[in-house]
Amino acid sequence: MASLKELKLRINSVKSTQKITKAKQMVAAAKLRKAQAAAEAARPYAGRLADVMASLASKVQVGEGSPKLLAGTGKDQVHLLVVANSDRGLCGAFNANIVKAAKAEAHALIAQGKTVLFYLIGRKGRAPIRREFPNAIVGGFDTTTVREAGFAEAEKIANELLAMYEAGKFDVAHLFYAQFRSALAQIPTDQQIIPVPAPKAVADKPDGGAVVDYEPDEEAILADLLPRYLRVQLFGALLENMASEQGASMTAMDNATRNAGDLIKKLTIQYNRSRQAAITTELIEIIAGAEAL
């Protein structure tokens, strides 16, 4: 059984931890408001760009003369998994869930006889992927040098992926990130980004079935639009990840603060009982000594 001194030291230690988790919860809550607003503001832009691309793609016949980003390489052998994680921990299962989804897809592709490569964004997903796929990591982007990953970082990542694609290093690229729903829900998402899946145009998007003439032609516009679309998709994923990270961190720190409070209560009860037992034992010894006299 722990002594009174040990119990008191442990209570003070847990109280110090509780102060830290409470402070980190408040910081995450403040950052979440900004990150959530940025993620939600980017969604309409990404959606509208997808509508424009859908209208263009519906008017071209995908073939050998089509942009490579739309037509693909003609093969489906080498798959690049782009895994976006955070640089910091203390955010619950946020990073683990993204890595788990990427590893599950990797195993499924390997079972089909495909070659799997990894491109890693952020620091937290590197160790678990390196342990299981030590020779499959072919690139990555370090986000530790920037305070908040933005469009400039998304553009650099997209340019590097495009260079690898043009060099024939992979045939298909999948992006793994967490889609923000709420502080309690962040959904691991697998999205094919290269080649860009040709979206289907619908009657009410974006030209409502009107006759539209494009100058230059649709394929020339698509060749310029597709890289921009890729950058926007990566930018949106980074924003979703930032909001998801802060939401997961706020929830995890709130749970840690509550657990610390419960532990402090239990330790305090144990301390009081031990202290009472020690006082009772001391009184009994005093009384026994007095009777002996």
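**Figure 1. The largest pocket of the predicted model and the residues that line it.** The largest pocket has a lining of 31 residues, and among these Arg88, Arg147, Met242, Glu245 and Gln246 lie nearest its centre. In this predicted model, the space within the largest pocket comes to about 770 Å³. Helices α1 (4-57) and α6 each contribute at least two residues to the lining, and α1 gives the most, with eight residues.

**Figure 2. The chain as a whole, shown as context for the close-up views.** The secondary structure consists of six helices and five strands, which follow one another along the sequence in the pattern α-α-β-α-β-α-β-α-β-β-α. The chain has 293 residues, of which 41% count as buried. When the contacts with a separation of 6 or more are considered, 77% of them are accounted for by residues 24 or more positions apart.

**Figure 3. Strands β2 and β3 with the helix that belongs to their β-α-β unit.** Strand β2 (residues 115-121) and strand β3 (residues 137-141) run parallel and are joined by four bridges. Within this pairing, Phe118 stands opposite Ile137 in β3. Together with helix α4 (residues 126-132), the strands β2 and β3 make a β-α-β unit, and this unit is right-handed.

Figure 4. Thr257 is placed in helix α6, which spans residues 218-292. With a relative accessible area of 13%, Thr257 is classed as buried, because this value falls under the 20% cut-off. The side chain of Thr257 is joined to the side chain of Thr21 by a polar contact of 3.0 Å.

**Figure 5. Thr189 in strand β5.** Thr189 is found in strand β5, which covers residues 185-194. Thr189 has a relative accessible area of 17% and is therefore buried, the cut-off being under 20%. A polar atom of the Thr189 side chain lies 3.0 Å from the backbone oxygen of Ile187. Not counting residues up to four places away in sequence, Thr189 touches Leu175, Phe176, Tyr177 and Gln179.

**Figure 6. The cis peptide bond between Ile194 and Pro195.** The peptide bond that leads from Ile194 to Pro195 is cis in the model, and its omega is near -15°. Pro195 itself lies in the loop between β5 and α6, while Ile194 is the residue at which strand β5 (residues 185-194) ends.

Figure 7. Although Leu90 is not a glycine, its phi is positive, at about 55°. The relative accessible area of Leu90 is 52%, and Leu90 is exposed because this value is over the 50% cut-off.

How values were computed:
Residues are numbered from 1 along each chain as its sequence is written. This is a predicted model: local features need pLDDT of at least 70, side-chain atom pairs count only at pLDDT 80 or more; totals for chains, interfaces and linings use all residues. Side-chain values use heavy atoms; hydrogens and water are left out. Buried means under 20% relative accessible area, exposed over 50%, partly exposed in between (1.4 Å probe, protein chains only). A polar contact is a pair of N or O atoms within 3.5 Å; within protein, one must be able to donate a hydrogen and the other to accept it, and residues adjacent in sequence count only if both atoms are side-chain atoms. Two strands pair if DSSP finds at least two bridges between them. A crossover is right-handed if, with the strands pointing away from the viewer, the path from the first strand over the helix to the second runs clockwise. On a 1 Å grid over the protein atoms alone, a cavity is a set of points where a 1.4 Å probe fits but cannot get out, and a pocket is an open set with protein on both sides within 12 Å along at least five of seven lines; lining residues have an atom within 4 Å of a point. Grid points are joined across faces, edges and corners, and a volume is the space filled by probe spheres set on the points. Contact means heavy atoms within 4.5 Å.
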